[in-house]
Amino acid sequence: MAKRARAGELRTLVYFRRAVRGVDGEGYPLTEQEEPVFGLDGAGQERPVHCKWVNAHGAEVFSAMQLQLREPATLTMRYSPKIDSTLLVYRRGDHRPYEIVSVDNVEERGKWLEVQVQRKGAAR
């Protein structure tokens, strides 16, 4: 995929959230909650990140089927040290999350990230 993108190509808005699991006073797990990674803006809305979103196509589809990935996509975005493989990704207008498969700091320069995602599925 593209290892960089022009500013005009960063038109897809995504939200990164961290799953927070707590326990109550007796040690029982509480319900899982999600926190926005980039915080809230002045109006109390979650801050989006602009990225280039490319769904898998061509030969990538067959290799994704072999790896049993569900709806794989590649995100190219500006570098942020807050992004890691434990986060959930939500595309604007889509309420079903994606999980991060891999994060690549392109050429270790700290300018671009290439993030591989797949649709989050139920546990087996």
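Helices in these legends are DSSP runs of H or I with at least four residues, and strands are DSSP runs of E with at least two, both numbered from the N terminus. This is a predicted model, in which local features need pLDDT of at least 70 and side-chain atom pairs count only at pLDDT 80 or more, whereas totals for chains, interfaces and linings use all residues. Residues are numbered from 1 along each chain as its sequence is written, and side-chain values use heavy atoms, with hydrogens and water left out.

**View 1. The protein chain has 7 strands and 1 helix.**
Read from the N terminus, the elements of the protein chain follow the order β-β-β-α-β-β-β-β. Of the 124 residues in the protein chain, 32% are buried, where buried means under 20% relative accessible area, exposed means over 50%, and partly exposed lies in between (1.4 Å probe, protein chains only). The accessible surface of the protein chain amounts to about 8200 Å², and carbon and sulfur atoms supply 50% of that surface; such areas come from the Shrake-Rupley method with a 1.4 Å probe, and for residues only the protein chains shown count as cover. Among contacts in the protein chain with a separation of 6 or more, 59% are between residues 24 or more positions apart, a contact being heavy atoms within 4.5 Å.

**View 2. Glutamate 46 meets arginine 17 through their side chains.**
Glutamate 46 sits in the loop that runs between strand S2 (33–36) and strand S3 (49–55). Glutamate 46 is classed as buried because its relative accessibility is 15%. Its side chain makes a polar contact of 2.9 Å with the side chain of arginine 17. A polar contact is a pair of N or O atoms within 3.5 Å; within protein, one atom must be able to donate a hydrogen and the other to accept it, and residues adjacent in sequence count only if both atoms are side-chain atoms. Not counting residues up to four places away in sequence, glutamate 46 touches Tyr15, Phe16, Arg17, Pro36, Gly39 and Leu40.

**View 3. Glutamate 9 and lysine 52 form a salt bridge between their side chains.**
A salt bridge is a side-chain nitrogen of Lys or Arg within 4 Å of a carboxyl oxygen of Asp or Glu, and the structure holds 10 of them. In the pair shown here, glutamate 9 and lysine 52 come to 3.7 Å, N to O. This pair links distant parts of the chain, with glutamate 9 in the segment before strand S1 (12–20) and lysine 52 in strand S3, 43 residues apart. Glutamate 9 counts as partly exposed because its relative accessibility is 22%, whereas lysine 52, at 18%, counts as buried.

**View 4. Glutamate 71 and aspartate 94 each meet arginine 119 in a salt bridge.**
The side chains of glutamate 71 and arginine 119 pair at 3.2 Å, N to O. That pair links distant parts of the chain, since glutamate 71 lies in the loop between helix H1 (59–66) and strand S4 (73–78) and arginine 119 lies in strand S7 (residues 112–119), 48 residues apart. The salt bridge between aspartate 94 and arginine 119 spans 2.9 Å, N to O. Aspartate 94 is in the loop between strand S5 (88–91) and strand S6 (98–105), while arginine 119 is in strand S7, so this pair ties together parts 25 residues apart in sequence. Through shared partners, salt bridges join Glu71, Asp94, Arg96 and Arg119 into one network.

**View 5. Arginine 119 has polar partners at aspartate 94 and arginine 96.**
The polar contact between the side chains of arginine 119 and aspartate 94 is 2.9 Å, and a polar atom of the arginine 119 side chain lies 2.8 Å from the backbone oxygen of arginine 96. With neighbours within four places in sequence left aside, arginine 119 is in contact with Arg70, Glu71, Asp94, Arg96, Pro97, Tyr98 and Glu99.

**View 6. Arginine 96 lies in the loop between S5 and S6.**
Arginine 96 counts as partly exposed because its relative accessibility is 47%. Neighbours within four places in sequence again set aside, arginine 96 is in contact with Glu71, Tyr90 and Arg119. The C-alpha atoms of arginine 96 and glycine 121, which are 25 residues apart along the chain, are separated by 9.6 Å.
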